[in-house]
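Trainee: I would like to go through the terms used for this model one at a time. Please set each value against its cut-off.

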Amino acid sequence: MTSQAKIKVTEADIGRGVLYTGNRYPGGVKEPGVITSFNEFAVFVRYHGRATPQATSYEDLEWEFPQ
């Protein structure tokens with residue numbers, strides 16, 4: 001397994017779509033969400049169907065629509 005580079009998040013990315021990729025096992029599902037905030041340790045993402053944002057590791061995210 002190769003390690004994935006961290007995404008780089010800035011204030012301009014708040015509201016941008018990401019995919020949770022922490023389910024890397026065979027058949028794992030990518031879960032879409034939207035960045036609500038971030039700090040040096042985690043990105044807070046509101047995943048579809050959840051009321052509150054979840055702290056997520058940078059390494060477990062990729063851009064939904066890379067620029």
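**Terms and cut-offs**

Trainee: Why is N23 called partly exposed?

Mentor: N23 has 26% relative accessibility, so it counts as partly exposed. Buried means under 20% relative accessible area, exposed over 50%, and partly exposed in between, with a 1.4 Å probe and protein chains only. The model is predicted: local features need pLDDT of at least 70, side-chain atom pairs count only at pLDDT 80 or more, and totals for chains, interfaces and linings use all residues. Residues are numbered from 1 along each chain as its sequence is written, and side-chain values use heavy atoms, with hydrogens and water left out.

Trainee: Where is N23, and what does N23 touch?

Mentor: N23 lies in the loop between β1 and β2 (31-38); strands are DSSP runs of E, at least two residues, numbered from the N terminus. Not counting residues up to four places away in sequence, N23 touches G28 and V29, where contact means heavy atoms within 4.5 Å.

Trainee: What makes Y47 buried?

Mentor: The relative accessibility of Y47 is 3%, so Y47 counts as buried.

Trainee: Why is the pair of Y20 and Y47 called edge-to-face?

Mentor: Rings of Phe, Tyr and Trp (its six-membered ring) pair if their centres lie within 6.5 Å; planes under 30 degrees apart are stacked, over 60 edge-to-face, and the rest tilted. The centres of Y20 and Y47 are 6.1 Å apart and the planes stand at 80 degrees, so the pair is edge-to-face. Y20 is in strand β1 (residues 17-20) and Y47 in strand β3, 27 residues apart. The whole structure has one aromatic pair.

Trainee: Which residues make up the largest nonpolar core?

Mentor: There are ten: I7, V9, V18, I35, V43, V45, Y47, Y58, L61 and W63. Such a core is a set of buried Ala, Val, Leu, Ile, Met, Phe, Trp, Tyr and Cys residues joined through side-chain atoms within 4.5 Å. β3 (43-47) and β5 (61-63) each give two or more residues, and β3 gives the most, with three.

Trainee: What makes β4 and β5 edge strands?

Mentor: The open sheet has five strands in the order β4-β3-β2-β1-β5, with antiparallel pairing. β4 (54-56) and β5 each have a single partner strand, so one side of each is left without a neighbour in the sheet.

Trainee: How do you know that β1 and β5 pair?

Mentor: Two strands pair if DSSP finds at least two bridges between them, and three bridges join β1 to β5. L19 has E62 in β5 as its bridge partner.

Note on methods. Helix = DSSP H or I, 4+ residues; strand = E, 2+ residues; numbered from the N terminus.
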